[in-house]
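Let's take a look at this one together. Have the sequence and the 3D view open as you read on.

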Amino acid sequence: MLQGKELVKNLFKQYYRWNALKIQIPDQFDKREFGFILFDKEEQMFRHISFKRKEDIFHFFKEKYPKHAYFSTAYYANPEIPVMGEKGWLGANLVFDIDIDHIPTSCKNMHDRWFCLNCGFKGNGMIPVKCPKCGSERIKKETWVCEKCIEIAKNYTLKLIDLLIDIFGFSLNEMKIVFSGHRGFHVHIISNDIMELDQRGRREIVNFVKGEGLIQYILDRIKAQGVFNLSVDMNGWYSKLAKALYELFLTQNIDFLKKEIGISKKSLEFLKNNKEKMLRNFERTLTWKLPLSFNEEDLKRILNYAISKNNIPIDERVTIDIRRLIRVINSLHGKTGFRVIQMSYQDLELFSLKKAIVFNKPEYIKLHWENPPSYLLDYKLNISNKIHTLPFYIGIYVIENHVFNVEILDIV
Amino acid sequence: MMFVKNVFFTIEDKAKYPFSIDTINYIRELGFEINDLKGEYGRKILRRASKRIISAIERRNIDVKLNEPDIEILSFPTSLLLVKILNDQFLLHIYSIAESKRAGNLLKEETSEKILYIALNTFNLRVKLINNGPYVFMIHFKDYLKNLPEIHGAWSLVNRKISHGMVYISKNEMARLVEEAIKVWIVKKVENMDVENDIEESFAQINYVLNEIRNTWKKYREKYYPTFSISDKDLSTIFPPCIAFLIDKVKAGKNLSHSERFAVATFLLSIGKSVDYVINLFRYMPDYNEEITRYQVEHLAGLRGSRTKYVTFNCNNMRVLNMCKENSLCRNIKHPLQYYYRYGLKKHVARKGISKKSI
């Protein structure tokens with residue numbers, strides 16, 4: 001394994017020797033905090049670093065070839081002061097993170113697995129927060145990214161950008177669309193409009209994007225007035241919900257409602273007898289009179305489903321945090337060897353992981369690796385083999401990301 | 001100045017909205033100075049200024065007197081001066097709310113054009129008059145979020161019509177947002193005011209009204225802000241440094257962020273303090289709102305909503321949220337509660353000679 005680490009370290013070193021000048025310097029870089037994780041000192045992050053001149057940043061990358069490189073979304077009067085409260089916060093970009101780790105996808109069954117360190121229970125697919133058997137949070141995980149995951153993250157990112165333009169009025173000129181180098185995308189908004197927005201304000205934006213707070217409001221109104229008229233000509237979210245409910249009742253059969261949404265027997269019975277009448281009623285009035293004879297729990301389930309058809313699963317911590325560190329554009333991601341790249345909206349539509357590959361050498365890496373995932377990046381593995389000869393960039397990803405035993409045998 | 005059709009800002013308007021840019025310009029033109037408060041006319045102004053504050057304390061509201069507009073106008077900056085000299089965060093809080101309420105109630109009765117005029121010229125809000133059904137205005141979401149009076153229900157962004165950065169609102173909602181802007185304006189104005197130290201000694205007249213206000217305030221302060229029962233000594237010894245820091249911040253009359261509130265409230269609830277205990281603490285914050293606070297704290301205590309009882313962040317998350325204030329005792333501590341059980345509780349028990357159960 002040591003051999004693998006040395007290999008990657010040298011690749012990074014060489015890369016930055018020739019490409020340090022490609023590092024994208026953020027605007028007002030002298031007001032930003034930088035943070036790095038270096039090879040051989042990986043347990044520690046070097047933070048509170050600031051640069052006065054652009055050349056110093058290039059020089060740093062050339063000399064230190066960091067494994068991971070970050071800068072603050074915030075601007076500070078004194079970014080180098082190690083105490084957060086004394087840095088003198090001046091404002092922050094608004095940043096969104098779409099990370100496939102937080103989004104259930106069908107391909108996860110092929111490449112993600114986990115193991116409970118407490119009771120030994122294990123499984124494939126989406127990593128649970130707690131062990132479903134013993135409830136322990138001590139879970140060892142092994143996750144990989146593939147073209148399918150990135151495609152899903154990409155579509156959510158496009159949807160997010162559309163929303164930021166249509167709803168919040170931002171323009172593409174104010175946005176940086178960035179592949180994070182691993183499992184997803186970042187969207188940075190650099191605009192005076194949001195610079196001084198506090199956490200409370202950012203939380204409101206997050207709630208809008210995720211559709212949080214809708215159900216509680218609807219339930220409160222029902223409690224107060226007995227009925228909530230959900231109509232297509234209402235405000236943004238409500239109109240979407242009204243349409244989503246129509247689609248649901250029109251296209252999905254009772255079985256789906258039972259299995260996927262989990263509504264109760266009583267409600268199913270009601271739907272069986274009244275679905276057609278409900279749909280006709282809606283076509284006439286374009287309004288649902290909630291709660292539609294559903295009990296509170298079933299109504300919540302149905303609304304949750306309608307929201308999930310329209311919301312965007314951003315990582316809310318990233319957006320709300322006004323002192324976040326985020327990856328430097330054009331730096332390398334230490335877990336994949338991929339480049340963090342900025343792209344246009346059109347490029348995002350056409351994006352594939354191939355575009356981020358840096359170590360695309362003609363050699364192959366031969367590994368001893370038992371029980372690999374069946375699919376990662378754009379590559380299928382034969383899981384019954386113990387020896388794998390992989391394209392160079394895939395080999396690097398495996399060496400950097402793998403958490404269990406893997407051994408380099410040769411480079412051929 | 002932005003011109004708005006059909007708006008004439010009369011002398012009465014200047015008296016109704018004494019924070020407006022028009023009034024400020026008018027006062028500047030009058031050339032009235034602090035020393036003028038010593039005269040006969042000045043005494044009238046001081047009396048009205050003192051009345052404004054006392055009424056804010058006693059009735060949480062301020063009436064409108066338009067028979068002598070100049071007095072009404074000049075008494076406002078004088079009130080700000082008095083509040084500044086009294087130097088009490090809580091008084092400033094109560095006063096700024098009462099003044100903004102006074103203006104907010106008047107605004108609701110005005111034409112949409114006049115509200116627009118004030119929003120544009122005095123507060124530089126990005127607002128447009130659209131007169132479209134229930135939506136009379138649209139306002140840029142940044143200005144909307146900055147002046148939000150409440151953070152849940154109908155006010156939360158997710159429940160609004162919003163398009164291309166503009167939030168659609170009614171006339172009353174616009175008046176309410178401006179009301180909030182007025183409150184913030186007053187607090188900022190007073191905080192940034194420069195006053196000479198000896199002003200009270202050299203002005204018998206000012207000293208007189210200040211004592212009047214002090215006497216009234218003394219009676220009400222305890223009622224509005226009951227003394228909080230955690231002593232400074234307890235704070236520094238039995239609570240983990242992160243939580244103690246936040247409680248200190250509250251007691252100094254500063255607002256906490258959303259996650260800071262969460263941390264304090266869940267911590268206190270976890271160690272067995274009551275909902276009212278937490279609410280009494282939060283009363284110290286300038287943006288305290290009884291209804292919202294009670295709702296939120298009860299929610300955290302598991303008395304509302306999903307009935308989940310929330311637990312404080314662990315140390316890792318505290319660090320991520322920049323709320324960690326690690327000290328030497330924090331070694332091997334992974335959760336603020338752990339600190340309390342390991343060190344705090346013992347000290348508390350030892351000092352007070354009481355059993356664990358009674359805390």
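In chain A, strand β7 (residues 113–116) is joined to β9(A) by 4 bridges, and the two run antiparallel. Two strands count as paired here if DSSP finds at least two bridges between them. Strands are DSSP runs of E with at least two residues, helices are runs of H or I with at least four, and both are numbered from the N terminus. Within β9(A), I139(A) is the residue that stands opposite C116(A).

## How to read the model

This is a predicted model, where local features need pLDDT of at least 70, side-chain atom pairs count only at pLDDT 80 or more, and totals for chains, interfaces and linings use all residues. Residues are numbered from 1 along each chain as its sequence is written, while chains are lettered from A and ligands numbered from 1 in the order in which they are written.

## Domains of chain A

Chain A is divided into domain 1 (2–100 + 147–207 + 314–356), domain 2 (108–142), domain 3 (212–308) and domain 4 (364–411). Those bounds come from an automatic or database domain assignment. Taken over C-alpha atoms, the centres of domain 1 and domain 3 of chain A are 40 Å apart.

## Over to chain B

Chain B has 17 helices and 4 strands. Its C-alpha trace spans about 65 × 55 × 30 Å along its principal axes.
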